[in-house]
Amino acid sequence: MKREKISIDKEKALKEIDVFSSLKEEEIKGIEDLFIVKHYRKGDYIFYEGDKEPGIFFVIDGIVKLIKETSEGKTVILQLITKGESFGWLVMKGSKPSSTYSAQALVDTAVLYISNNDFLKLLLMYPALAVRITCDATKRILEAYDRLKSLAVEKVEGRIANLLLELADKIGDPDKDKITINAPITRQDIAEMAGTTVETAIRIISRWKKEGILDTERGKIEIYDIDFLEDIVS
């Protein structure tokens with residue numbers, strides 16, 4: 001169930017999203033009514049695979065995981081979308097594709113949503129901006145495709161190491177002797193993103209903990225040896 005937790009200033013939120021950084025303040029004010037603020041609790045689905053209502057979502061607070069169900073019935077997390085990043089899909093006139101993945105809030109999350117019709121209005125108002133948004137959404141699709149390819153060719157340790165490096169880069173908090181990922185990412189989440197079993201993910205993470213590579217506590221992951229992970233994926 002969706003519940004509003006805090007009031008969101010749409011103008012301020014838009015200014016903090018990179019794709020809108022080139023717009024002047026009056027231009028931001030001119031488009032903010034095209035966007036709707038939506039709130040989701042941890043575990044809420046934003047949309048399901050096969051949904052036919054297109055649009056683009058921008059995360060302004062929280063984390064969203066994009067999920068794909070395989071033909072074998074397994075769940076694979078394609079990506080984690082964090083603050084400032086976008087996801088969703090668009091439909092141009094004459095085409096009626098549906099979404100090819102589901103989106104679920106990993107934590108309490110707030111997004112800015114623009115519908116397909118309003119995006120077309122934006123396209124007419126600011127063609128260059130619409131192209132940037134489309135390119136950003138396309139980039140996410142290609143990254144998700146790359147993750148699916150990696151599941152078929154990379155070893156499990158490499159996939160988990162690559163995942164942790166990606167999280168460290170996107171939401172890591174660097175310190176002099178560690179990088180802290182402050183997010184409640186479970187070993188189930190790691191297993192689904194790495195395309196492996198929970199038991200295998202636990203075994204690998206536990207071994208790395210014993211070797212002092214990283215540590216996991218409730219709600220965060222601390223990486224002490226980033227070079228070790230980089231060596232695995234190089």
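The largest nonpolar core holds 29 residues. Those with the most contacts inside this core are Leu80, Ile160, Leu164, Ile185, Ile190, Trp208 and Leu229. A nonpolar core is a set of buried Ala, Val, Leu, Ile, Met, Phe, Trp, Tyr and Cys residues joined through side-chain atoms within 4.5 Å. Two or more residues each come from β5 (75–81), α5, β10 (179–181), α6 (187–194), α7 (198–210) and β12 (220–223). Helix α5 gives the most, with 7 residues. Apart from this core lies another, of 22 residues, including Leu14, Leu23, Leu122 and Ala137.

The model is predicted; local features need pLDDT of at least 70 and side-chain atom pairs count only at pLDDT 80 or more, while totals for chains, interfaces and linings use all residues. Residues are numbered from 1 along each chain as its sequence is written, and side-chain values use heavy atoms, with hydrogens and water left out.

Helix α5 spans residues 156–171. Helices (H or I, at least four residues) and strands (E, at least two) are DSSP runs, numbered from the N terminus. The 16 residues of α5 reach 22 Å from first C-alpha to last, close to the expected 22 Å (1.5 Å times one less than the number of residues). Its buried residues (under 20% relative accessible area, 1.4 Å probe, protein chains only) are Gly158, Arg159, Ile160, Ala161, Leu163, Leu164, Leu165, Leu167 and Ala168.

Contact means heavy atoms within 4.5 Å. Beyond neighbours within four places in sequence, Leu80 contacts Ile63, Val64, Lys65, Glu85, Leu106, Leu167, Lys170, Ile185 and Met193. Ser86 lies in strand β6 (residues 86–89). Ser86 is buried, at 0% relative accessible area.

Terms used:
Buried < 20%, exposed > 50% of the residue type's maximum accessible area, 1.4 Å probe, protein only.
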